[in-house]
Amino acid sequence: MGALVVVEGLDGAGKRTLTDAVVAYLRERGLTVATLAFPRYDRSVHADLAAEALRGRHGDLAASVNAMALLFALDRADARDELSKLLADNDIVLLDRYVASNAAYNAARLEQGATGEIVSWVGELEFGRFGMPVPNVQILLDVPVEVAEERARLRGEADATRALDAYEKDGGLQRRTGIVYRELADTNWHGPWWVHRTGDDPATLAARIAENVAG
């Protein structure tokens, strides 16, 4: 059974870039690595409904924190068999976002911290009722909010399919989400957390994964 490694962080933090670098390093060293990104837009009806709601469709759906959290959780629940197969067939499965993103963003929407009710609810829903596997390690890509916002804005301008949604446009929400992410990391919410900051070497992170997780 492979190790489940998750990269978390704000929209525009650079999760995909970091993931690509880590995967390349690990594969060069002979490890089998699979990747999966959540939400699974264009593959999951639940993810697509959530994305549409964040762009003004489906009435007042986006106004409900629990409803939005449930849609993102259902997207992952539908991928549980796929994720289990990837873990069975590879040394490492590297995820771009997972359960902690649901906890962090929705806590931020409610102006709660990592010990708030919605974080507990999300954890029980996804790890408990839906039986999602607990990560071996969760990596917080911790970058300044201003940097993440600028990257997300430029990405949206360059690619119309990735235009900013309601969450990404809300700078206050992004700042609060960053705070909750740090609290989750500080308390090792549902497993160990590592923090990777701007300027840290991806190769060093990949080597740590290979040594401490894949080994």
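Predicted model: local features only at pLDDT ≥ 70, side-chain atom pairs only at ≥ 80, totals over all residues.
Among contacts with a separation of 6 or more, 78% are made by residues 24 or more positions apart.

Two packed helices are described by the angle between their axes and the distance between the axes. For α5 and α6, the axes come within 9 Å and cross at roughly 155°. This angle is over 145 degrees, and the two helices are therefore roughly antiparallel to each other. The crossing of α5 with α6 is right-handed. On the α5 side, the residues that meet α6 are Val99, Asn102, Ala103, Asn106 and Ala107; their counterparts in α6 are Ile118, Val119, Val122, Glu126 and Phe127. Seven of the residues in this contact are nonpolar, two are polar and one is charged.

Helix α6, which spans residues 117-129, also packs with helix α3, residues 65-78, the axes of the pair coming within 11 Å and crossing at roughly 30°. Because this angle is under 35 degrees, α3 is roughly parallel to α6. Here too a right-handed crossing is found, between α3 and α6. Helix α3 contributes Val65, Asn66, Ala69, Leu70, Ala73 and Arg76 to the contact, while α6 contributes Ile118, Trp121, Val122, Leu125 and Glu126. By class, eight residues of the contact between α3 and α6 are nonpolar, one is polar and two are charged.

In soluble globular proteins, nonpolar side chains tend to be buried together. In the present model, the largest nonpolar core has 41 residues. The members that touch the most other members are Leu95, Tyr98, Tyr181, Leu184 and Trp189. Two or more residues of this core come from each of the strands β1 (3-8), β2 (33-37) and β3 (92-96), and likewise from each of the helices α3, α4 (80-89), α5 (99-109), α6 and α9 (171-186). The most is given by α5, with seven residues. Beyond its neighbours within four places in sequence, Leu95 is in contact with Leu4, Val5, Val6, Val7, Leu36, Phe38 and Leu83.

Aspartate 75 is located in helix α3. With a relative accessible area of 0%, aspartate 75 is under the 20% cut-off and therefore counts as buried. When neighbours within four places in sequence are set aside, the contacts of aspartate 75 are with Phe38, Pro39, Arg40, Ser44, His46 and Ala47. Glycine 172, by contrast, is placed in helix α9 and counts as partly exposed, at 29% relative accessibility. Between the C-alpha atoms of glycine 172 and alanine 108 the separation is 8.9 Å, although these residues are 64 residues apart along the chain.

Terms used: Residues numbered from 1 in each chain as written. Heavy atoms only, no water. Axes fitted to C-alpha atoms, helices over the stretch in contact; angles between N-to-C directions. Helix = DSSP H or I, 4+ residues; strand = E, 2+ residues; numbered from the N terminus. Parallel < 35°, antiparallel > 145°, perpendicular 65-115°, else oblique. Left-handed = near helix turned anticlockwise from the far one by under 90°. Contact = heavy atoms within 4.5 Å. Nonpolar A, V, L, I, M, F, W, Y, C, P; charged D, E, K, R; others polar. Core = buried A, V, L, I, M, F, W, Y, C linked by side-chain atoms within 4.5 Å. Buried < 20%, exposed > 50% of the residue type's maximum accessible area, 1.4 Å probe, protein only.
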